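Hi,

Here is the structure I promised to pass on. Have a look at it first, and then read my notes below.

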Amino acid sequence: MDAIVLQQIQPLDGSAGLEALAARAWELEVPTPSTRRFVLRPEAAELIDGLLARVARGAGALDVALGRGLRAFERGGGPLRLGYSSLGDYARERLGLPESTSRRLARLSAGLDERPQLDAAVRAGEVTLRKAQVVLGVARGPDEARWVARARVETVRALAAAVREESGRDGVTAGAEAPTEPLVPVELEISDPDRAALREALSLAGAALGATAPPWQRLEALCQEYLSTHPEPERLRLEDLDPDAAAAALEGAPWGRGSEWWDAARLALEQETERWSYLERLDPLPAPDPVRGLAPGDVHALDARLCELAAMRTRWDALVGHLGLLMRSLGLWREAGFASFGHYCAERLGMSLRAIEQRIALERRLYSLPPLRAALAEGRVSYGKAVVVAAAADEDTVEAWIARAETTPCAALRREAEAAEDAQMCSRRAWKARLPAGVVQLLDAALGAARLAAGRRVRDGECLGIIARHFIDTWKPLLRGRRTLARRVLERDGGRCLVPGCTRAADHAHHVWQRARGGPDEPWNLASLCLPHHLVAIHGGFLRVRGRAPHGLVWTGDPGPPRTTRPPSRTR
């Protein structure tokens, strides 16, 4: 980015559409480290902020519309009528949205249904979703109008402080979204015997917690079981340190930015900049109504409209990632007068830091994987599948991963990517995971307890093997049961529902060829299904299955072509 480019590209007016925004945004290239010192920072900040703020408002309006549509779709029984066991599975496989995003938007829409004044302000674009989440727990009854009026003019920080003061306690008020615990990367060197023990222990934990329990939850169970019978070494408390050492420890704390000092810094910037009055003022952007003109209960028409909105959201997300990468990599939020990039995201863009960072991370990978960018733009892979492929592929394997993504449900594609990563870690004699900060602390305590019990110097990987073997010795005898045919079928299918795209644990072994019509009690005629798919989708007539289990099944339902359950192929 140089002075000539900045002169050619001027900020857009409020009537600019997606195409005009995209044309301007993609002309801006991320400068190389050697050319960043030539960037005219104030001019670049003004230009990029004007584009990014408009794009963020467009993405926010689409999220409001998607939330309203997903809420109506769920209330009408749409997921099961279209062959999906939950709204999260439908959104991931059909719309390309993350399960957590779809559930969050639907929950927020349900909360707004009970608060008509706040709902009207959000749909009109006068209050961002971020602000609505903050005041949702207190904007009730006669207090709703007061909080809506404050949300129109006050900052996210000021609203959060006012909510905390009124609720009389720290934390999240009723109806609001809980803060997401940060994920921390962990990597340990581990031997093959210890890895085998860990794999068996995690499998046992899955049998106890459910086949769909995530790896971090299974590891949490292993650590809790070990700590229940082994003493934890004493930790050094902050009050035992001298003031300088205590300050240094607090400075690196994962949630240190939620302190009173950080709030004071943000407040000072709000006052100094008069709430960033020098930034371009943008008109509110109303959200489209996804259910307008549709007959009540017409889930097929609503599904088509949600698909259109999701496709639009993918294009807006690409612009958010591109412009967000420019803003963050150049540090232009400082020129805009914000305390941090997260502060800029919340107050200026009305989005969470994590949401922006996820889009930036994908944008970085797309620069290294041009074929994936083309597949995403052409609609050959969804946004959710692009995230999985970007994390698993490299320049040599990206084409194979894209081909696999075109024919594989997102949930199965994610499991294949995890298996491929596990194989790579095995060859490196390493174990790697991204864990919630609380689980990392628990793991650290369990490793210390294992080291203390060993009474000698033990590596972390060996300690993890000790913890895993303790869990196996404790739980393996308890989880033994009768080896019935249904149990063997559930074990054959990994305890998961076989319907493509389903992420639920299996509850029943369903006869593909019904016993009432002469179907035999043979493993090939039994398919593992979750409760909703078995009792509602199959027996309700929304989904049909034929073929031989587990890899020769063909599922037919509405909408879309038949879906086939096929064995996973290793992508090299």
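Helix α21 (residues 398–407) has Val398, Trp401, Ile402, Arg404 and Ala405 as its buried residues, where buried means under 20% relative accessible area (1.4 Å probe, protein chains only). Viewed down the axis of α21, these buried residues fall within an arc of 165°, so they line one face of the helix; the arc is taken from the directions from the helix axis to the C-beta atoms. Their packing partners are α19 (370–377), α20 (383–392) and α22 (410–427). Helices here are DSSP runs (H or I, at least four residues), numbered from the N terminus.

Before going further: this is a predicted model, with local features needing pLDDT of at least 70 and side-chain atom pairs counting only at pLDDT 80 or more, while totals for chains, interfaces and linings use all residues. Residues are numbered from 1 along each chain as its sequence is written, and side-chain values use heavy atoms, with hydrogens and water left out.

Next, Glu99, which sits in helix α6 (residues 99–113). Glu99 is buried, at a relative accessible area of 14%. Its side chain makes a polar contact (N or O atoms within 3.5 Å, one able to donate a hydrogen and the other to accept it) with the side chain of Arg414, at 3.4 Å. Apart from neighbours within four places in sequence, Glu99 is in contact (heavy atoms within 4.5 Å) with Gly88, Arg92 and Arg414.

Finally, Val536 belongs to helix α26 (residues 531–538).

Best wishes

Technical notes:
Helix = DSSP H or I, 4+ residues; strand = E, 2+ residues; numbered from the N terminus. Buried < 20%, exposed > 50% of the residue type's maximum accessible area, 1.4 Å probe, protein only.
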